[in-house]
Amino acid sequence: MSYSIFDFLTLLGSLGMFLYGMKIMSEGIQKAAGDSLRNILSAMTRNRFMGVLTGFAITSIVQSSSATTVMVVSFVNAGLLTLKQSIGVIMGANIGTTITAWIIAILGFKVKMAAISIPIIGIAFPMLFFKKDKVNSWGETLIGFALVFIGLDFLKNSVPDLASSPELFAQLQNLGTHGGWSTLIFIGIGTVLTIVLQSSSAAMALTLVMCFNGWIDFKSGAAIVLGENIGTTITANLAAIIGNVHAKRSALAHTVFNIIGVLWMFFIFSFFISGIDRYLISSTGHSPFQDKESIPIALSIFHTSFNVLNTLLLVGFVDRIKYLVEKLMPSHGEHDERFHLEYIGTGLLSTPELSVVEAKKELTKFGELCKKMFGFTEELISETDKKKFETLLKRIEKYEDITDKMEVEIASFLIKVSKGLVSEDTSGGIRGLLRAASNLEKIGDLSYHMSIAIQRNFEDKSDFTDLQRKNITEMFKLLSQAFEIMIENLHQETEKINLTKAIELENQINKQRDTMRNLHFTNIERGDYNIKSGLYYNNLYSSCEKVGDHILNVSEAISGMNIE
């Protein structure tokens, strides 16, 4: 067999074109769908059966189970889906990915799609220059679709002809003569192949081509498909590595589900593929064991029937799978679940719109953390026990450090997202979130500086007067209400945010500051209280008013209002 380095590079390039086409097509569909994918997920995951349907629908649309499972892991990481909901979606994604095999088997081997792929690109290319983002995205989708079949056509013609090399052919055939061990060997090959290619669709295409060209028989091809079901779970696990414990559990649930399926199928493997053989002989007159051209359809039947049966068998055990992954992946307490970024960090969502959703979730947590930190500052004023006072100070200092880190990490994430192809609306949303994060970090700084002023007042034993305490308490009460409205707005979708209450409270805070300031200077002139405590008091109410400004700025930023 004469097979040069040029032939190998052609094979590699063909596979690369197929993979790139799948990537462009999947990303184009995700961009065109935008928030619709999130809406589908949130609307259709009320129970495990709807979750399965959701996973099937989304994977059928985006033509990538990896994209769906990474999306699911990211949504679990962002708190948009629960672990239980995600398991149902993953089950459906396993069924949805079999649609790709059918498209390849029918259009790639039965229809000369490569011949019409160039005209498809001719139609799609002008769409890339339209002003509307959705038209651009559909243009990308069509180009990706065309590249998939051009790549597949090159792939079919670039694999080496083993018929001219009987020794190598005999070695491959020999791998299939070890009974159950042969099945395990080919399952392993399928797993490794999918891990290397990072795409079950590409691995499936390569498997179909190998069977179609006579490299391996139907039984070996079916075993490779089983291995691909294990290998495809690696992508989601990689996405979850830097996610929170819930994301890791969701990815692990995908692995557990597929491994259980492969285990039970292994024991009935020969019987199962014999059943497919009998069905095809009775319906088409061709056996996949005798006719290599019928193998692509036979493998598609095997792939679909395995995943459908596995889902039907295990959908009733979602709670058991959830319990198992929680035991295998335990939480490490509050540190694991609270004091780090929970909602962003997987970095594998390809659409900016979905990434912004995760950042908004993280920003909401940021706001809640700032509110809690400010509450500690309020507690300091009335705390008289030295030990408890010092404990509160340490907590505030720790929270100030957290707010600094959160602002940097959220900003870094959003800047990275903005470097991609983003719509004008998404770009505006990113700018708003960046401004909101900056204002929240300033709230953290002010709370910390206020705690230092209270500490000095405590150490100097310059106690506030009853009137001062009453005024400070009133100011803190107003700010507490302002925080509540800010948190409520952070939870709301942009178009539903109402700034009326936020602005009214900011006006009340300003009015309270003016009242406190005027009274303060009057009392200073009269010599009614200690100058030192007066300075600390002045620092407090001035800082409180600035906190109120930043709280309003957060609501304005996420509502889309331009602020400086």
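Thr304 has its place in helix H16 of this predicted model. The Thr304 side chain forms a polar contact with the side chain of Thr98, at 3.3 Å. When residues up to four places away in sequence are left out of account, Thr304 touches Thr98 and Trp102.

Two packed helices are described by the angle between their axes and the distance between the axes. Helix H16, the helix of Thr304, spans residues 295-314, and its axis comes within 10 Å of the axis of helix H14, residues 245-267. Helix H17 covers residues 318-328, and the axes of H14 and H17 come within 9 Å.

| Helix pair | Axes come within | Crossing angle |
|---|---|---|
| H14 and H16 | 10 Å | roughly 110° |
| H14 and H17 | 9 Å | roughly 120° |

With an angle of roughly 110°, H14 and H16 are therefore roughly perpendicular to each other, since angles of 65 to 115 degrees are classed in that way. The axes of H14 and H17 cross at roughly 120°, which makes H14 oblique to H17. The crossing of H14 and H16 is right-handed, and H14 also passes H17 in a right-handed crossing.

**Residues at the H14-H16 contact**

The crossing of H14 with H16 is right-handed. On the H14 side, its contact is made by Phe257, Ile260, Gly261, Val262, Trp264 and Met265. H16 contributes Phe302, Phe306, Leu309, Asn310, Thr311, Leu313 and Leu314. Sorted by class, this contact of H14 with H16 holds 10 nonpolar and three polar residues, with no charged residues.

**Residues at the H14-H17 contact**

H14 passes H17 in a right-handed crossing. Here the contact is made by Arg249, Leu252, Ala253 and Val256 of H14, together with Ile321, Leu324, Val325, Glu326 and Leu328 of H17. By class, the contact of H14 with H17 has seven nonpolar and two charged residues, and no polar residues.

Which helix holds both Lys322 and Glu326, and how many residues apart are they? Both lie in H17, four residues apart, about one turn of the helix. The count of salt bridges in the model comes to seven.

Methods
Residues numbered from 1 in each chain as written. Predicted model: local features only at pLDDT ≥ 70, side-chain atom pairs only at ≥ 80, totals over all residues. Heavy atoms only, no water. Axes fitted to C-alpha atoms, helices over the stretch in contact; angles between N-to-C directions. Helix = DSSP H or I, 4+ residues; strand = E, 2+ residues; numbered from the N terminus. Parallel < 35°, antiparallel > 145°, perpendicular 65-115°, else oblique. Left-handed = near helix turned anticlockwise from the far one by under 90°. Contact = heavy atoms within 4.5 Å. Nonpolar A, V, L, I, M, F, W, Y, C, P; charged D, E, K, R; others polar. Polar contact = N/O pair within 3.5 Å; in protein donor to acceptor, adjacent residues only side chain to side chain. Salt bridge = Lys/Arg side-chain N within 4 Å of Asp/Glu carboxyl O.
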